Amino acid sequence: MKQMTENQLQELAQDLNSIRDEIVADLGERDANYIRRVIRLHRALEVGGRVMMPFGFIPPVFVAATVSLGLSKIIENMEIGHNVMHGQYDWMNDPSLHSQSYEWDTACSSDSWRRTHNYEHHTYTNIIGKDRDYGYALLRLSDDEKWHPAHSLQFLSYIMLSVFFQWGVSLHELEFERVRRGEIRMRDKIPFLKDTLRKGGRQVFKDYVFFPLITFPVAPIVLAGNLGANLMRNLWSSTVIFCGHFTEDAETFDEKDCENESKGHWYLRQLTGSSNFTGNKLMHLLSGHLSYQVEHHIFPDLPAHRYPEVSEKVQEVCRKYGIHYNTGSFRHQYGTVVKRILKYSLPDRLRMRLESQPA
Amino acid sequence: MLARIPQTRALHWLGKQLFNRTDPAAFFDPLLETVDPMLVQGQTLARVEQIVQETADTRTFVLKPAARWAGFQAGQHVNICVEINGVLRTRTFSLSSSPELWAKQGLVTLTIKRLPGGLVTNWLHDNLRDGQVLGLGAAFGDFLLPETAQPVLFIAGGSGITPVLSHLETMAAQDFRAPVTLLYFVRTQQDIIASERLHALERRYTALTLKIIQTDESDKPRYLKSQDLEAVPGLKARQVFLCGPMGLMDLANKQLHEHGVRETDIHSTFFSTVAPALNADLANQALGGKVQFGKSNLQASSEGDASLLEIAEASGLSPRHGCRMGICHQCSCRKTSGTVVNRLTGKASGPGEESVQLCISIPHGPVSIEI
C-alpha cells in the first residue's frame, strides 16, 4: 500500500469528507425521482417477464420473458436492494426504502447481508483473514494464503460459485471453513441457518414451485425460464462483484497494519483495494453503479447514481496524493480477474517462473 | 378493482412469499400510481378537492380520501404525509369537518395555519393544489364529545378552533340537545378562522352560544377573564373542551379550577406544534449524556434537551421518523439500556430494555439505542 504520513492521511480524509458533505447537502428530489424511476422499471420488467413466461412455448417470447425477468432481478439486487440496504435512501424517510427493513429478491436474507457485507466487508475491506469476501474462503487470490493442491482446480470452483452465486452468498455467513477447522460451533449457527432456510425456501417456492404450478400445462417452460433468469442474475452479479476487488492492481492488506487505523487510512485502503470499470449508462445501472466500486467503497451510503459526478472529484484527489485510481474497460478488468484466479491456482514457484518470463 | 382484493391471511402470506415484503399489496404501487395515484395500496391517499382561504395565513383543504379510509369521530386528528424535496414528512392536524360530511359526501377538511418557519405548513400553503394527493393516516385521539347530551363549554384559541368546528358541525347535525357555549379567542377580527361557518352554525343550531373575543384589538391584551366563565350558565355541570396555544390552555385550566370545575370534566388536546417547554422539575435535572448507537457502532454525547432523534441525525444517522412530536411512532425503536426523559410528559423511563420514541426522548445519563 502507498505509504502516507498521518498528516497526509488526515488531509486526505478532509478532502474526501468535503466531497461527501457537498453531495449530502444536495440530496433531494432528483435522487428520490431517480430511485423511483428505477423501481418502476423493475416492476415493469418483473410483471412483464412473469406475464410473458407462460407463452414461452413461442421461442422469441421465451427469450424476451427470461431476459425481462433476469434484468428485473439484476436491477432489483444491484441498483435497488444493495444500495437501499446501504442506507443510501434512508434520508427519504420512506418505509419501503429503509435500509434496516428492506428485503431483496435473492436467496440471501437481508439481515445476513447487512452483517456480512455492510459491516464486515465494508469495514475490513481486503484485509486478508478479516474480509471473508476476499476469495469467499474458496479461492486463493493472493500469496498471503499458502498454496494447497486443491487450489489448482479453483477455476472450476469459481465457475460453480458464479453459477450458484445467490446460494453461495446466502451461505456465506455460515463460515463453513471455520466450522470445519473447529473455530466455531455449528450449534451457534442454528439461528442463522433457520433464517437462511426460510428466505431460501421462499425464493425456491416462488420461482420453482408457485409460478410453474399456476401455469400448469406449461410448467416446464416457466420453470426453465425462471431458472434462466436466476442464472443470468447469478453470473452477472458475480462477475461485477469480482471486478470490484480482485482485479490485477487491487491491493490486499495485513490485519496488523489496520489496527486502530485512522479515517484517512481507512479511506486509503478503500481507494487502493477497489477497482472500477468503465461503460455506458446501462452498464452502470445493471451493475448498481458498482462499476464505481472505488466511490462506493469510500461513500457506501451516498445514492449510487451520484458516483459518476463524485468520481471526477475523487480522481482529482487521487492525483493530488499520487494514489493509483484503478479503472479500465470491463473487458480489461475482467480479464485481469480471470488471470488472477488462474495465476494463484498455481504453486508459488511455478507462478513466479511464469511471471518472470516476458509476456 | 385491485383495491377490492380481499386481504385474507392466506393471500397476505402468499404475497409475502412472492414479493418479499410485509405489505405485498404495495408491490405494484410504483406502476399503479402512474395510472392513478389513488390506486396506491401502501398508504391511504386523499385527493385535494378544493382549497378555501380562511384568513391571510389559514386555509382549509377539502380532501377526498380513498374509499378504504376508515373514517373518524369528531375531534380526532390525523397524520398527513407529503413528500418535500424527496423527503417524506409526516405531521398531525385536527380534522375540521364532521363525520356526517364524510359519510354523505366522502369528504373531510383540514384547516391549517402557516407556522412561522414551519416546513410543512408553509409547503402546504405554497405548493398544494387542487387535484394533488397526500397520504392520510388513520384518525386517532380522544378529544371526543360526550356520548349523551350534556352541557358543553368550548374554549378555543387561534387555529385551535379546528377540532371544535368538527364538534359543532356534528352536534348541529345530530341536534345535540344541551346548552353549548364557545369562547373563541383570536388576535384580531381578521384572524377569525371559518367565521362564516361559525355564524351559520349559530343561526342554524340554537343551542349554541358563540362568543368571539379579540385579544389584540385594544391597548391592553384582552385574555380569558373570570367574568367570561361566570357568564357561562351552569358552568360546573359542563364538560369543558380546551384547544389553543399553551398560554390560553394554562390560563383556562387555572381559572376553571378556581370556579370549581372538576379535573375529570376538562378535556384538552395537544395543539402546539413546537415541543412544549419542559416542566420545571425536568429543567432542574441534568439532561443529556453519552448515547451509544448499537447497530451503527457510533457514539455521541449530548447536553441539554436534544432528543435522541436530533442526536442521531447530528451524528450522521437517518433513523426512520415521522411527526417529530411524539405522535406517530414511526421512530420507535429499542433502547437497550439507560434512562430517557419524555419531552412531552417530563417523566423518566425505566432503565431497562424497552421501546422508546426517539423524537421525544431525551437522554438522562448514558443511553444505548438499537439503531
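Into which domains is chain B divided? In this predicted model, chain B comprises domain 1 (2-136), domain 2 (152-268) and domain 3 (280-369). The C-alpha centres of domain 1 and domain 3 of chain B are separated by 29 Å.

Within chain B, attention was given to B:Val108, a residue of strand E5 (residues 108-113). B:Val108 is classed as buried because 26 C-beta neighbours lie inside 10 Å, the cut-off for a buried residue being 20 or more. Apart from neighbours within four places in sequence, the contacts of B:Val108 are B:Leu63, B:Pro65, B:Leu95, B:Ser97, B:Leu101 and B:Trp102. By contrast, B:Cys331 is 223 residues away from B:Val108 in sequence, and the C-alpha atoms of the two residues are 27 Å apart in space.

In chain A, helix H14 (residues 330-343) was examined for its length and its packing. The buried residues in H14(A) are A:Gln333, A:Thr336, A:Val337, A:Arg340 and A:Ile341. These residues lie on the same side of H14(A), because they cover an arc of only 140° around the axis. On the face of H14(A) turned away from the buried side, A:Arg331 and A:Lys339 are exposed.

Definitions and conventions:
Residues numbered from 1 in each chain as written. Chains lettered and ligands numbered in written order. Predicted model: local features only at pLDDT ≥ 70, side-chain atom pairs only at ≥ 80, totals over all residues. Domains from an automatic or database assignment. Helix = DSSP H or I, 4+ residues; strand = E, 2+ residues; numbered from the N terminus. Expected span 1.5 Å × (residues − 1). Buried ≥ 20, exposed ≤ 12 C-beta atoms within 10 Å, placed from the backbone. Arc of directions from axis to C-beta. Contact = placed C-beta atoms within 7 Å.
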